[in-house]
Amino acid sequence: MVINDTLLDKLEKLSSLKVSDDKREEIKKQLGEIVTFVEVLNELDLDNEEAVVSAIKGGTLLREDIAKQSDVIDTILSHSPSRESGFFVVPKIIE
C-alpha cells in the first residue's frame, strides 16, 4: 500500500490532526514503513498455532483477595487544615 497525499488527507480528517507541510513527506515515509512491516507479518502462516494468553501453563496465578485495614486515609486527613466525617472540607466555590 502506498501512502500518498490523498490517503494522508483522509487520515488527517479521521484523526482530527493536522500535519504541517514540512512534515508531510516524513510522515508518509514512516507510515509506509509501518504498512510494509504489517504486510510482512501477514505473510506468517499461523494456521497451526494456538493463541497464547499467558506464558505460565494453566494461566496466571492469582493471590487470594484479602481486605486489610489501613490508616492511610487518617494519615492523609491529619495533614488537612479542615476535615469532617473522613473528607476534606474546602471552601464553597459555586453558589
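Okay, so a helix here means a DSSP run of H or I with at least four residues, and the numbering goes from the N terminus. Keep in mind that this is a predicted model.

With that in hand, let's start at Lys28, which sits in helix 2. Is Lys28 buried or exposed? It's buried, because its relative accessible area is 12%, and the cut-off for buried is under 20%. The side chain of Lys28 also has a partner: a polar contact of 3.0 Å links it to the side chain of Glu25.

Staying in helix 2, we come to Leu41. This one is partly exposed, at 41% relative accessible area. Leu41 belongs to a nonpolar surface patch together with Ile34, Phe37, Val38, Leu44 and Leu46. Taken together, the patch has about 580 Å² of accessible area.

Now for some charge. Take Glu50: you'll find it in the loop that runs between helix 2, residues 24-42, and helix 3, residues 72-78. Its relative accessibility is 73%, so Glu50 counts as exposed.

Most residues other than glycine have a negative phi. Ser16, though, has a positive phi of about 55°, and Ser85 has a positive phi of about 55° too. Where are they? Ser16 is in the loop between helix 1, residues 5-15, and helix 2. Ser85 is in the loop between strand 1, residues 83-84, and strand 2, residues 87-88. Ser16 counts as exposed at 67% relative accessibility, and Ser85 counts as exposed at 67% as well.

That's the tour, thanks!

Definitions and conventions
Residues are numbered from 1 along each chain as its sequence is written. This is a predicted model: local features need pLDDT of at least 70, side-chain atom pairs count only at pLDDT 80 or more; totals for chains, interfaces and linings use all residues. Side-chain values use heavy atoms; hydrogens and water are left out. Helices (H or I, at least four residues) and strands (E, at least two) are DSSP runs, numbered from the N terminus. Buried means under 20% relative accessible area, exposed over 50%, partly exposed in between (1.4 Å probe, protein chains only). Patches are made of residues with over 30% relative accessible area and no salt bridge: like charges are joined within 9 Å, nonpolar side chains (Val, Leu, Ile, Met, Phe, Trp, Tyr) within 5 Å. Accessible areas come from the Shrake-Rupley method with a 1.4 Å probe; for residues, only the protein chains shown count as cover. A salt bridge is a side-chain nitrogen of Lys or Arg within 4 Å of a carboxyl oxygen of Asp or Glu. A polar contact is a pair of N or O atoms within 3.5 Å; within protein, one must be able to donate a hydrogen and the other to accept it, and residues adjacent in sequence count only if both atoms are side-chain atoms.
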